[in-house]
Amino acid sequence: MVAAQGPEAIESASLDELRSVQFMRLKQAVSRAYENVPYYRAKFAAAEVHPSDLKQIDDITKFPFTTRADLNENYPFGLLAVPMDEIVRIHASSGTTGRPTVVAYTSKDVDTWSQLMARSIRAAGGRASDKIHVAYGYGLSTGGLGAHYGGEYLGAAVIPIGAGSIERQVQVINDFKPDIIMASPSYMLAIADEFHRQGLDARASSLRLGLFGEEPWTEGMRAQIEKRMGLDALDIYGLSEIMGPGVAQECIETKDGLTVWEDHFLPEIIDPESGAPLADGTAGELVLTTLTKQGMPLIRYRTRDLTRLLPGTARQMRRMERVKGRSDDMLIIRGVNIFPSQVEAALAHERNLAPHYMLELHRHGHLDELEVVVEARRKISGKLTAAQHNALEHRAEHFIKAFVGIASRVRVVDPGTIERSHGKAKRVIDLRTKSQDAPPS
Ligand code: DLL
C-alpha cells in the first residue's frame, strides 16, 4: 500500500471541477447498478427511469430510493454488482429483524475506503509520523478495520487495541504514547474515568487528537472530552451500507461540522415523511449515493440520519451538520445498532413472555446500559417461584445476547403493567441524554 502524502488534489479543486467529477461518476455509478444488479434494473424500470435520464446531477431525484428493507430483501448478497470472486471483504451491521445488513467490498473498494480514512485522519490533523490508538471494535462492524486501514494508508503506526478492557486502554496509552485516538465518544469518556480511577492525569497523556463517531454525540460531550483529555476532539461520520467510517469528517482548521467527501458520495437531504428533496441548509434526512463503489453500489440510500447540508469552509465540498437524530427507531448502544423490533424478535423465543415490552436506556458512568421490561404471559403470572422468575429473566437475557448481540438486564413484570398505547407503541425510554451533556467534572 502506498502511503498518502499531502492532501489530494481534489480537496482543493474548484466547485466546478468537483461537480463535473461528481456528474461523471454519478452516471457511471447509476449505469453500473442498472447493468449489474438485477434488483436495480427492475426498480428503475418500475419507476420508469433509465440511466440515460441523468442529464445533470439534480436528475438523480427522479430515481427511486434504496432502503434498509431493500438490503433485507436481498440478504445477504443479492445487491452485489460483481461476482463473489471479486469480493475481498464482507462486513455487517444490524438489520431491523434477525437479519444483519450485509456489505461487500472489492479490493478497489477497500483501497478507496483506506484512502478516504487516511484523508479523514489528515483533515483532522493527523500525520504519517503519528501513532494511532484504534479503540473502535474490530469484527463485522466497520469501525476498527476502517480506522486501521486508513491509519496504515496514511503511513502512521496503528495500535489495533479494539474496544477491549478499559484498564488495558489506559496502560497502552501510557506505555505506547499514541498521538491520536479513534473511539466512540462515550467510550472515550469511560477511558477518561479510568484514568481518574487509577489516579492518573489524562491531560498529561501523549494524546493530541481524537476522531470520534459511530454514535450521536453533542457539543457538550466535545467540551467535556477536550477538557478532560486535553486533546482536539473531531467528529467522524459513516455507515456500513455506504462504506463505513470516513464518509464525512470534521476538519481541524474549522471544527464546524463534517466535510462530506463529495468526490465519492453524493449527498441529498429529503423530507423524511414525504421523501421530497429539500434545499441545502434545511434540516431533514440524509440520502447518499455511492459514486465509486464497485462491489455494492447504492443509489439514493436513505440513511435515516437527520442533519443539514451547509456550504464548504475548510474545503469546497459541502459540510453536514453534526447528526441530530434519526428518522427511524434505531438506537446505538455501546456502538451496537439496535432496533426495538430485533429485541421483540429475540423475546419471542421465550414462550412465557408476552409481546408487551419497553426498552429503558441508562447511562452508567459513561457507558450505555439496556434494561428490557417485559410482561409475563397471563397463564404463568403469579405462579412462578422467585427462582423460576429469575431463570425466566436470565433466559430472556440470553436470547437478547444471542440474537441481538448485546448484554442487557431483563425485568419480567406482571401482565398489564406496561402502558398500552393507542397509536404507535412507545417502546423506548431514553434516560441517557442528561448525563451526556453534564458539565465537565
Ligand atoms: O458506525 C461506522 C463508523 C464507525 C462511523 C466509527 C464513525 C466511526 P454503522 O455501525 O453501520 O457504521 O452505523 C451507522 O451510526 O447511520 C449513524 O446513525 C451513526 N453514526 C455514525 N457516526 C456518527 C456520528 C458506523 N459521527 C450509523 N454522529 C449511522 C452521529 C453517527 N451518528
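Which strand gives the largest share of the shell around the ligand? Strand E7, residues 232-239, gives that share, with five residues. The model is a predicted one.

**Ligand shell**

- There are 22 residues around the ligand, and those that come nearest are Asp 235, Ile 236, Ser 240, Asp 305 and Arg 326.
- By class, the shell consists of nine nonpolar, seven polar and six charged residues.
- Ser 240 places a polar side-chain atom 2.5 Å from an oxygen atom of the ligand.
- For Asp 305, the distance from a polar side-chain atom to an oxygen atom of the ligand is 2.6 Å.
- In the side chain of Arg 326, an N or O atom is 3.0 Å from an oxygen atom of the ligand.
- On its own the ligand has 600 Å² of accessible area, and the protein covers 97% of that area.

**Second largest pocket**

- The second largest pocket holds about 760 Å³ of space.
- Its lining is made up of 33 residues, with Gly 325, Arg 326, Met 330, Leu 331 and Asp 430 nearest the centre of the pocket.
- Two or more lining residues come from each of helix H8 (219-229), strand E16 (325-326), strand E17 (331-333), strand E22 (428-430) and helix H11 (433-436).
- The lining of this pocket has 18 charged residues, together with ten nonpolar and five polar ones.
- Arg 326 is listed among the residues that come nearest the ligand and also among those nearest the centre of the second largest pocket.

**Backbone features**

- Most residues other than glycine have a negative phi, and most peptide bonds are trans.
- The peptide bond from Tyr 75 to Pro 76 is cis, its omega being near -10 degrees.
- Pro 76 is in the loop that runs between helix H3 (68-73) and strand E1 (87-93).
- Arg 300, a residue other than glycine, has a positive phi, near 50 degrees.
- The loop between strand E12 (284-290) and strand E13 (301-307) contains Arg 300.
- Arg 300 has a relative accessible area of 2%, and because buried means under 20%, Arg 300 is buried.
- Arg 334 also is not glycine and has a positive phi, near 50 degrees.
- Arg 334 sits in the loop between E17 and strand E18 (336-338).
- The relative accessibility of Arg 334 is 46%, so Arg 334 counts as partly exposed.

- Where is Glu 241 placed? Glu 241 belongs to the loop between E7 and strand E8 (244-250).
- Glu 241 counts as buried because its relative accessibility is 3%.
- A polar contact of 2.8 Å links the side chain of Glu 241 to the side chain of Tyr 301.
- Asp 263 is placed in the loop between strand E9 (258-260) and strand E10 (265-270).
- With 3% relative accessibility, Asp 263 counts as buried.
- The side chain of Asp 263 makes a polar contact with the side chain of Arg 119, at 2.7 Å.

**Exposed and partly exposed residues**

- Is Glu 419 buried or exposed? Its relative accessible area is 74%, so Glu 419 is exposed.
- Glu 419 is part of the loop between strand E21 (409-413) and E22.
- Between Glu 419 and Tyr 357 there are 62 residues of sequence separation and 9.5 Å in space, C-alpha to C-alpha.
- Glu 369 is in strand E20, residues 367-376.
- Glu 369 counts as partly exposed because its relative accessibility is 35%.
- Glu 369 lies 8.2 Å from Arg 409, C-alpha to C-alpha, and the two are 40 residues apart in sequence.
- Gly 405 is found in the loop between helix H10 (386-404) and E21.
- The relative accessibility of Gly 405 is 37%, so Gly 405 counts as partly exposed.
- Gly 405 and Gln 115 are 290 residues apart along the chain, and their C-alpha atoms are separated by 31 Å.

Notes: Residues numbered from 1 in each chain as written. Predicted model: local features only at pLDDT ≥ 70, side-chain atom pairs only at ≥ 80, totals over all residues. Heavy atoms only, no water. Near = heavy atom within 4 Å. Polar contact = N/O pair within 3.5 Å; in protein donor to acceptor, adjacent residues only side chain to side chain. Areas by Shrake-Rupley, 256 points an atom, 1.4 Å probe, with all protein chains shown as cover. Helix = DSSP H or I, 4+ residues; strand = E, 2+ residues; numbered from the N terminus. Nonpolar A, V, L, I, M, F, W, Y, C, P; charged D, E, K, R; others polar. 1 Å grid on protein atoms, 1.4 Å probe; cavity = no way out; pocket = protein on both sides within 12 Å on 5 of 7 lines; lining within 4 Å. Points joined across faces, edges and corners; volume = space filled by probe spheres on them. Buried < 20%, exposed > 50% of the residue type's maximum accessible area, 1.4 Å probe, protein only.
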